[in-house]
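Here are some friendly notes to read with the model open beside you. Take the points one at a time and look up each residue as you go.

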Amino acid sequence: MDGDPVVEPELDSFSLTFPLPYRVAFIVIIAVWGWGLNLQFLHNRQIDVPSLIRYPGRSSPTQLPHHHSTYRLATLLSLSSAVSILTFWSSTRRDPKRVIDYDWIPMTNLAVTAALFVLPLRRLSVSHSGRRRLLATLRRVSVGGLAEAKDGKFGDILLADVLTSYAKVLGDLFICLCMFFTRNGSATDRPDRSCGGTYLVPLLLTIPSAIRLRQCLIEYLRVRNSPFKESTGWGGQHLANAAKYSTAFPVIILNAMLRNANTNGTPTMSLYRAWIVACLLNSLYSFYWDVAKDWDLTLFAEAQERNSPDHPFGLRRRLLIHKPVVYYFVIALDLALRCTWMIKLHPHLNTISDFESSIFLIEFCEVFRRWVWIFFRVETEWIRNTSTGLGVDDILMSNFNTRNEDEEYVD
């Protein structure tokens, strides 16, 4: 069964059916489908996502919307993985030895998944422009870089924020590679989350938060050096945002120290308490920022603004996504999914929190939370650019110029 890895070190039931490499590929594919749904829903709500991220617009009304290209890529990725996992199941039949020996099948699928993001696939009616733009943006933000507003700053921020929710998935990808290339190792064996050293994986988990922290500091310095400081302020909000991302580091470090202490059998009560405090700070600070800053809702504003008759309680005047009840539900959902770590505080649930199925479910919940977050974050950015008319001409002109520059790449 899928038991505690300390008590049952052999390959667990969940990994026999759904090895770690397939879990990584599955979440990546779900992300592509999710982005397509984001684009389609927001397009139907008259929110022009491509213009916000400075992505080339369609040169003619007869061209299919952007989400169709995303769905084509997602379909191709899904078919490739479906063929791979069916081949793997028929070859292994849940036999532990065969599952370990045939690890090259899911690892090949990972390689194919990565290749589909890079190779030109116009013959399969899959546009290369979106994937080319994604890779270019990923290269820029991978070191904390940040484009200017006219060059797609919002797209950089959006991608970097998404990466913070995929930190554990990136850690799992490293574990797959580490186990696959380790002598006598197997990527489909029980995941060894200390592969490469006790603290190497935790260090990798901090990278997405470090990327966003650096972007916030870049924004702060731009404001400080701007000739329009009187109208834009001194940049304190960017420092506060940087502080929010820095709260992720103690959580990751203390969690690694707790795992190491439990393995060595040393006392952990003080570490455990420090970890709880760090998790509370990170979760509540991040939740506040989601609601008050990323979504511009008034739930945490002063009473006069929160109770204003111009808008529903705790929300704002313009609501483009749906009815107020949906916003209240999403606020509650965001808080709940920000606090999934609390299952470790429950004496019974704590015993299953380290199961492979539980780890995967928590990773999926965080990816789902981020997917929901994107709808309201993009809506907020659109309202900021269009509610007063400021920025609309700049958006349209930048989109027109970018389309002309990249016209040859647009399907």
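1. A term to start with: a residue is called buried when its relative accessible area is under 20%, exposed when over 50%, and partly exposed in between (1.4 Å probe, protein chains only). Cys339 counts as buried, because its relative accessibility is 13%. Cys176 is buried too, with a relative accessible area of 0%.

2. Please keep the origin of the coordinates in mind. This is a predicted model, in which local features need pLDDT of at least 70 and side-chain atom pairs count only at pLDDT 80 or more, while totals for chains, interfaces and linings use all residues. Residues are numbered from 1 along each chain as its sequence is written, and side-chain values use heavy atoms, with hydrogens and water left out.

3. Now the overall picture. The protein chain has 19 helices and 0 strands; helices (H or I, at least four residues) and strands (E, at least two) are DSSP runs, numbered from the N terminus. Of its 411 residues, 47% count as buried. A contact means heavy atoms within 4.5 Å. Among contacts between residues at least 6 apart in sequence, 71% join residues at least 24 apart.

4. In the model, residues 20-37 are 100% helix and 0% strand, with end C-alpha atoms 26 Å apart. Residues 73-92 are also 100% helix and 0% strand, and their end C-alpha atoms lie 29 Å apart.

5. Which cysteines does a disulfide join? Cys178 is joined to Cys195, with an S to S distance of 1.9 Å. A disulfide is a covalent bond between the sulfur atoms of two cysteines; the cut-off used here is a pair of cysteine sulfur atoms within 2.5 Å. The structure holds 1 disulfide, and the link of Cys178 and Cys195 is left-handed, with -80° about the S-S bond. Cys178 lies in helix 9 (residues 167-181) and Cys195 in the loop between helix 9 and helix 10 (200-205), so the pair ties together parts that are 17 residues apart in sequence. Both cysteines are buried.

6. Look next at helix 11 (residues 207-224), where Ser209 is found. Ser209 is buried because its relative accessibility is 8%. Leaving out residues up to four places away in sequence, Ser209 touches Thr164, Tyr245, Ala248 and Phe249. Leu213 is also in helix 11. With neighbours within four places set aside, Leu213 is in contact with Ala242, Tyr245, Ser246 and Phe249. The C-alpha atoms of Leu213 and Gly144 are 7.7 Å apart, although 69 residues separate the two along the chain.

7. Finally, the residues Trp295, Val330, Leu333, Asp334, Leu337, Arg369, Val372 and Trp373 line the largest cavity. On a 1 Å grid over the protein atoms alone, a cavity is a set of points where a 1.4 Å probe fits but cannot get out, and lining residues have an atom within 4 Å of a point. Helix 17 gives the most to this lining, with 4 residues.

Note on methods
On a 1 Å grid over the protein atoms alone, a cavity is a set of points where a 1.4 Å probe fits but cannot get out, and a pocket is an open set with protein on both sides within 12 Å along at least five of seven lines; lining residues have an atom within 4 Å of a point.
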